[in-house]
Amino acid sequence: MNKLIRNRDFLSNRGGKLFIENVSAEFLARKFGTPIYVYSESRIRENSQRVKSALAAATENSQLFYAVKANNNLSILSILRSENLGADAAGPFEIELAQRAGFSKNKILYSGVFHSDEELKFGLKSGVAINLDSLSAAKRLLKFGKPSLFSMRVNPGISGGKIRGLIFAGSDAKFGESMTNTIAAYRLAKKRGVKKFGLHAMTGSCVLDENYFAAITEKLLMIANTIQKKTGVKFKFIDIGGGLGIPYRTNEKILNVEKAMKLAAKVFAAGVAKFNLGNPKLMLEPGRFLVGDAGIILMKIQTIKAAAKTFIGVDAGMQTLLRPALYDAWHEILPANNLNAQNSKKISVVGPICENTDQFARNRLLPKLAEKDLLAILDTGAYGFGMASNYNTRAKPAEVLVSGEKAEMIREREGLNEIIGKQKVPKRLKK
Ligand code: LLP
């Protein structure tokens, strides 16, 4: 077994060839072309069952939601719905998408930020629980109607995670509201006759430290206590956001979800009792942990250029996977048709986009590679396709779902018509 495949049972090395469940990467590339996103259904199910049972074992009164933004493919949403998760939507279309995938409205959360009036009205009309991000949004929402439940996202000042750009709390973060304004918002909602309340925070993404989840829970309970004391509201739920991390590098630690949930639930039970908070539900809305390591990109080497450095040019680029260009994020790269080859040379793996940030790996030790070789980028199930673009007028890739021996296309590769989309050229500009 190639050591890069650590902790990912759905990937295997069969005689030097990469298999996703029981389908070979070479077969997928032949059948669907490259670049393609490939997802393992069993891995998505395994990940969600793991978090669900960790949460359920730690506390009786809990609910797990999937953050749709991590990967909004309808087939993936359907898998998570069938695993009985709820859906956390970032905007009206994600609410509609979740509904199309069969999530009922009591299993949809709407955690948007900087909502427009139209978005707030849409949220109200759909009857889903909304986590509001500002006093302004609270005032506007209460003007438009009386929600059956009212919840605010606070900025608790502490965060976790190491990637710059993935820290969502503290004075530099645009997310959440201050304590003073949060309290004012609950007072207004109470005055308006709202009877049910929730409390929300989402402070960081890709956290590998188990203690973080307890720390954030503890902080939220203290905040809940202050709000309860000052306004008299009782909370139906305390939502600690997402943030469960995955190890993108082979030498990174693996998050022990069971431990993380146990620690959080312990602090939760103690805090609820100590502050006399009633019987709130502990809620969690991870994205990355559920789908991140279940996806890979298959791409083909088109050009090898021996310039000042060796550049391996592939047919995927920053338009396919933005994370390396945007966050300097690391993704493991495997030679999918030659897994047993020894690393021999430092090379850079680059895409076809006219930007020098279009590099998946810089000076990385990889085996000797040849044109037409197939490469796999790991851990691209979350924030992969969802952040893809048509930059340089490139088509978004196809997405394929693998389940045992089955490989099914769940999104076709785009053509020029999809890229052109709804553009219109005024008649006067046509010859
Ligand atoms: N809840 C809310 C309100 C969120 O904004 C997010 C992610 C989540 C839950 C899920 O967080 P997770 O469990 O996936 O950490 N594009 C970045 C990640 C941005 C995350 C944005 N919010 C990346 O590629 O790493």
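Predicted model: local features only at pLDDT ≥ 70, side-chain atom pairs only at ≥ 80, totals over all residues.
Okay, let's start with how the pieces get their names: helices (H or I, at least four residues) and strands (E, at least two) are DSSP runs, numbered from the N terminus. Residues are numbered from 1 along each chain as its sequence is written, and side-chain values use heavy atoms, with hydrogens and water left out.

First stop, Ala 382. You'll find Ala 382 in the loop between β18 (374–377) and β19. Is Ala 382 buried or exposed? Ala 382 is buried, at a relative accessible area of 0%; buried means under 20% relative accessible area, exposed over 50%, and partly exposed in between (1.4 Å probe, protein chains only). So who touches Ala 382, once we leave aside its neighbours within four places in sequence? Contact means heavy atoms within 4.5 Å, and on that basis the partners are Ala 70, Arg 288, Val 291, Gly 292 and Arg 323. Lys 406, on the other hand, is 24 residues from Ala 382 in sequence and 22 Å from it in space, C-alpha to C-alpha.

Now, salt bridges. We call it a salt bridge when a side-chain nitrogen of Lys or Arg is within 4 Å of a carboxyl oxygen of Asp or Glu. The structure has eleven of them.

Take Arg 43 and Asp 293: their closest N and O atoms are 2.7 Å apart. This pair links distant parts of the chain, with Arg 43 in helix α2 (residues 41–58) and Asp 293 in the loop between α10 (288–291) and β13 (295–306), 250 residues apart. Arg 43 is buried at 5%, and Asp 293 is buried at 8%.

Next, Lys 253 and Glu 210 form a salt bridge at 2.8 Å, N to O. Lys 253 sits in the loop between β11 (235–239) and α9 (257–274), and Glu 210 in helix α8 (residues 210–231), so this pair ties together parts 43 residues apart in sequence. Lys 253 is partly exposed at 41%, whereas Glu 210 is buried at 8%.

Then there's Glu 399 with Arg 411, closest N and O atoms 2.6 Å apart. That one runs from strand β19 (residues 398–403) to strand β20 (residues 406–411), so it ties together parts that are twelve residues apart in sequence. Glu 399 is buried at 0%, while Arg 411 is partly exposed at 30%. And one network, joined by salt bridges that share partners, takes in Glu 41, Arg 45, Lys 52 and Glu 83.

Back to α2, for its packing. Two packed helices are described by the angle between their axes and the distance between the axes. For α2 and α9 that's about 30° and 8 Å. The axes are lines fitted to C-alpha atoms, for helices over the stretch in contact, with angles from 0 to 180 degrees between N-to-C directions. Angles under 35 degrees count as roughly parallel, over 145 as roughly antiparallel, 65 to 115 as roughly perpendicular and the rest as oblique, so α2 and α9 are roughly parallel. On the α2 side, the contact includes Arg 50, Val 51 and Ala 54; on the α9 side, Val 257, Glu 258 and Met 261 are among the residues involved.
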